[in-house]
Each structure stands twice: as structure tokens, then as C-alpha cells.
Amino acid sequence: MALSDRLEMVNPSEIRKLFDLAQGIEGIISLGIGEPDFDTPEHIKEYAKEALDKGLTHYSPNIGILELREAVAEKFKKHNGIDADPKTQIMITVGTNQQILMGLATFLKDNEEVLIPSPMFVSYAPAVILAGGKPVEVPTYEENEFRLSVDELEKYVTPKTRALIINTPNNPTGAVLTKKDLEEIADFAVEHDLMILSDEVYEYFVYDGVKNYSIASLDGMFERTITMNGFSKTFAMTGWRLGFLAAPEWVVEKMVRFQMYNATCPVTFIQYAAAKALRDERSWQAVEEMRKEYERRRNLVWKRLNEMGLPTVKPKGAFYIFPRIKDTGLSSKEFSELMIKEAKVVLVPGSAFGQAGEGYVRISYATAYEKLEEAMDRMEKVLKDKKLV
């Protein structure tokens, strides 16, 4: 099947449709977008300006500059327990999103299956389809805090299964896999000879003393794992479009080949800024300040949602919360449209994140505390006026 045929199988994001509906509505509060509301720390911007002034505006190696790969390798070793060679097992990319398709393209054959925990980030299934594979949704459940279980995986694995995508902390549910969860998933992957794509872009935003673990740090797992990450969420650099990954040498070599004929290389002066940012203690102080504020916002939204009659699991990570709206009698799309029109609050229907997302909506609390308070007030009023709870 040609790539043009596969593109016909990929639908536009449901999230964008909701944003289109909200356009032009005065006084709208958006709790839909998955983007930090914080600005990039000043010292990182200064590093980029410094690189520009030095004339670092030419092509970089396709794999990324060595200085940044070395800084990334240090970060992986110190923070994740992953020992990767910066010369052959670390790659810099144009954001993290492209890593999904490029990573799958290194090993996936036509019609092979990829297991994806559902609810899931909107890019996973389309990337599998574009890579020639078949996405297979594996449901996660509110009763288990939306954490993936091997018992569920066993129900969906077949001889055609080639890979598994995991995302911890999770978008859209905020679930964080425990070390025991990851050990069981690792055993499952070895038993069925699966590759793993581990999306860890929210790794530093965890709460209640929870720790996030990298599956590639477990014995024997580096050789079958692509650890995907980036600067967008960690350092509030979404518009800078810079990602990084660790993977076996054969995977990196193929992904570099893909990037060579796609984006050529990430932006050079941004790479230099990122390398300095990773080694600057001010960057990590900024991350901790953001984490604390996200936790404060999470506590507010979780409390208010439960009080207004929308049962909600308290998320352990990321900056999303996933309240259950089934008892209102509305579908997740109907609920979201009602909130846009009546409350002037943008939410994302759970159905946008896969079959297991129906009956829920995603709220991003990467929004100012005062706006979150106002949004909760508006939602509660609509729910009471419509007698939905």
C-alpha cells in the first residue's frame, strides 16, 4: 500500500475539531491544549541568542551535534539509569512526535501489529498506520488508575504482534507506571520478542512522591527499547521543536537515515542552547518550580471535579486529568460541545484518545490557577442548571 493510501486512513485530530468549534467565542477558557503555559526560561533563550551571535546557523550532522548528544547521554545516565553511547545510541530529532513514525519504520513490516494502551496519545495509531502496521488498542481502566496491565496485554497479543508503545506519565490520563508494572511489561516483551517505544516526555512532572522509571534501564531491555523524549514539556520549549532519544545502534542508524531524507537535521543553534540548558542547574530549578505549580493546580481541579459530581482518579503525573462523565448521559463529544457552548470551556472528548476513552474527557491543567478556578465554576453551574449530576 502506498503512503498516499495510508494517509487516507488517517483522520484529522478530534482535538483540532474542538478548537475550530471554539474559535470566535468570546471569553473562552481553553483546558484542551497539551502545552505548558510557562515561558521558556530566560537563560535558555539567552543561550540560543548566544549561538546565533556565534553564527551557528548552518547544517548540523543528521544525528545531531555531539555536544548535545553527550549532554543527553549524561542526563539519561544520571536521571534514568540508562547507559547509552552518545556517538551511536543517542539521536536528536525535530521534536519528539516524529520519533514514533521514524522508530516504527526501523523494524515494522506490513500488517504487523503494535499494541497501544488505550486511552492513548493521538499520534500513536496514525504513526503505526503510516508505518504500514496495524494499531491494536489495549484498554486500561479507571479501577486500576488507567495503568497498563500484563493481563490485558495477554488478551491482545498474537503471532503478528511486533511492538508495544508505552507512555508514562500518560497523556491523557496522568497515569504513572510503577517499577513493578514495568518489570512485568518487560518480561512480557521478552517472552513475545517485542520492541518497545517508551514515550517519557512528561517524566519530571510526577506528584505525591511518585517516581517515574524508564523501562530501558531494566536488565536486558535497552536492546529492545526506543526511549523517546524531548525538551517541549520539560523546559517549556514546545515551539522550539527539539527531541532526543536513546536506542540500540542499529535503530539509531536507520532513524538517522530517515531524518537525513526528511528534516535533514534539527535547528543547529537550538541544539547548542539545549546542550547548555541540560548542564545548567537553573534549568532544573525551573522544572521543579513548574512541577510544584502543576501539583497545586492538579489538587484544585481534582477536588472540584469530584465535588461537582464527576468522579475522577487523582493523576500521579503529566498535566492532565481524566474525569468520568458517563453518569451525565452524554457522550464525551456531546459533553465537550456542551461545555464549549454553555460554559465557554474547552475540554477534549475522551473518544479522541481511543475506544477506552469514551465516557471521559481530558482536562489540561497547564493553565493559570485563577483560570482553572473560573473554569470549574462555569462547568459546575452548567452541570447543575442542566441537572446532569
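This is a predicted model: local features need pLDDT of at least 70, side-chain atom pairs count only at pLDDT 80 or more; totals for chains, interfaces and linings use all residues.
Q: How does Ser4 count in terms of relative accessibility: buried, partly exposed or exposed?
A: The general idea is a pair of cut-offs: under 20% is buried, over 50% is exposed, and anything in between is partly exposed. Ser4 comes out at 47%, so it counts as partly exposed. There's also a through-space relation to look at: Ser4 and Leu130 are 126 residues apart along the chain, with 9.2 Å separating their C-alpha atoms.

Q: On to charges. How many salt bridges does the count come to?
A: You look for a side-chain nitrogen of Lys or Arg within 4 Å of a carboxyl oxygen of Asp or Glu. That rule gives 31 salt bridges here. One of them pairs Arg296 with Glu293, with 3.0 Å between the closest N and O atoms.

Q: Where do Arg296 and Glu293 lie?
A: Both are in helix α11, residues 281-307, and they are 3 residues apart, about one turn of the helix. Their accessibilities tell separate stories: Arg296 has a relative accessible area of 39%, so it is partly exposed, while Glu293 is at 17% and therefore buried.

Q: What do the side chains of Glu295 and Arg298 meet in?
A: A salt bridge, at 3.8 Å from N to O. Glu295 and Arg298 are separated by about one helical turn because they are 3 residues apart in helix α11. Both Glu295 and Arg298 are buried.

Q: What about charges on the surface? Which residues form the negative surface patch?
A: To qualify, a residue needs over 30% relative accessible area and no salt bridge, and like charges are joined within 9 Å. In this model Asp151, Glu154, Glu183, Asp187 and Glu191 make up a negative patch. Helices α7 (150-156) and α8 (179-191) each contribute at least two of its residues, and α8 has the largest share, with 3. Take Glu154 as an example: it belongs to helix α7, and its relative accessibility of 36% makes it partly exposed.

Q: How many aromatic pairs does the count come to?
A: Rings pair if their centres lie within 6.5 Å; planes under 30 degrees apart are stacked, those over 60 are edge-to-face, and the rest are tilted. The total is 17 aromatic pairs. In one, Phe319 and Tyr320 have ring centres 5.0 Å apart and planes at 55°, so this pair is tilted. Phe319 is buried at 0% relative accessibility, and Tyr320 is buried at 1%.

Q: What kind of aromatic pair do Phe322 and Phe353 form?
A: Edge-to-face, with 6.4 Å centre to centre and 75° between the planes. Phe322 is in the loop between β9 (320-321) and α12 (332-343), and Phe353 is in the loop between β11 (348-349) and β12 (361-364), so the pair ties together parts 31 residues apart in sequence. Phe322 and Phe353 are both buried.

Q: Which residues do ring pairs link into a cluster?
A: The cluster consists of Phe38, Tyr202, Phe205, Tyr294, Phe319 and Tyr320.

Q: Finally, the backbone. Is the peptide bond from Ser118 to Pro119 cis or trans?
A: Omega is the angle to check. For Ser118 to Pro119 it is near 5°, and the bond is cis; Pro119 is in the loop between β3 (113-118) and α6 (124-130). Asn171 and Pro172 are also joined by a cis peptide bond, with omega about 25°.

Q: Is the phi of Ala236 positive or negative?
A: Positive, near 55°, in a residue other than glycine. Ala236 is in the loop between β7 (225-230) and β8 (243-246), and it is buried because its relative accessible area is 7%. Lys387, not a glycine either, has a positive phi of about 55°. Lys387 is in the segment after α13 (369-385) and counts as exposed at 71% relative accessibility.

Technical notes
Residues are numbered from 1 along each chain as its sequence is written. Side-chain values use heavy atoms; hydrogens and water are left out. Patches are made of residues with over 30% relative accessible area and no salt bridge: like charges are joined within 9 Å, nonpolar side chains (Val, Leu, Ile, Met, Phe, Trp, Tyr) within 5 Å. Accessible areas come from the Shrake-Rupley method with a 1.4 Å probe; for residues, only the protein chains shown count as cover. Lys and Arg count as positive and Asp and Glu as negative; His and the chain ends are not counted. The place of a charge is taken as NZ of Lys, CZ of Arg, CG of Asp or CD of Glu. Helices (H or I, at least four residues) and strands (E, at least two) are DSSP runs, numbered from the N terminus. Buried means under 20% relative accessible area, exposed over 50%, partly exposed in between (1.4 Å probe, protein chains only). Rings of Phe, Tyr and Trp (its six-membered ring) pair if their centres lie within 6.5 Å; planes under 30 degrees apart count as stacked, over 60 as edge-to-face and the rest as tilted.
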